[in-house]
Amino acid sequence: MADDSVRVFAHSNALLVSHVHNLLEAAGIPARLHNMTLGGGAGELPLGECEPEVWVRPHNRQRAEALIRDALNGISAAPGWTCRGCGEALEGAFESCWNCGTHRP
């Protein structure tokens, strides 16, 4: 990814940052993670410099920010579904069943 990338998300929780990165990648938006291992530097480095971040190309910024906002507010464009393998009710964000691994139809 080129150096002209822009930051679209930062948080002290690396798991949440990774989730946002995966959400963008699944939506077809190439994204890059930054600062995933700098948490140990907090205190020695400014906190804003240590937070894990997600970066995208400028032309993807608006769409990425909208997806992130919707995801953090619990809004999903995909409808919920029921797994054919085990009958588990799943949210629209899932592409495969967390219970049995069956892929969404």
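Two strands count as paired here if DSSP finds at least two bridges between them. Keep that in mind as you walk through this predicted model.

Stop 1: Select strand E2 (31-34) and strand E3 (residues 53-56). These two pair in the antiparallel sense, and four bridges join them. Zoom in on His 34 and you will find Glu 53 of E3 standing opposite.

Stop 2: You have an open sheet of three strands, ordered E1-E3-E2, with antiparallel pairing.

Stop 3: Next, select residues 61-72, which make up helix H3. This helix lies across E1 and E3, and H3 runs at about 5° to E1.

**Stop 4: Val 17.** Move to helix H1, residues 14-26, and pick out Val 17 there. Is Val 17 buried or exposed? With a relative accessible area of 0%, Val 17 is buried, because anything under 20% counts as buried.

Which residues is Val 17 in contact with, leaving aside its neighbours within four places in sequence? Show Phe 9, His 11, Leu 33, Met 36, Pro 52, Glu 53 and Val 54 to see them.

**Stop 5: back to Glu 53.** Finish by drawing a C-alpha to C-alpha distance from Val 17 to Glu 53: the two are 6.4 Å apart in space and 36 residues apart in sequence. This is the Glu 53 that you saw opposite His 34.

Key: Residues are numbered from 1 along each chain as its sequence is written. This is a predicted model: local features need pLDDT of at least 70, side-chain atom pairs count only at pLDDT 80 or more; totals for chains, interfaces and linings use all residues. Side-chain values use heavy atoms; hydrogens and water are left out. Buried means under 20% relative accessible area, exposed over 50%, partly exposed in between (1.4 Å probe, protein chains only). Contact means heavy atoms within 4.5 Å. Axes are lines fitted to C-alpha atoms, for helices over the stretch in contact, and angles run from 0 to 180 degrees between N-to-C directions.
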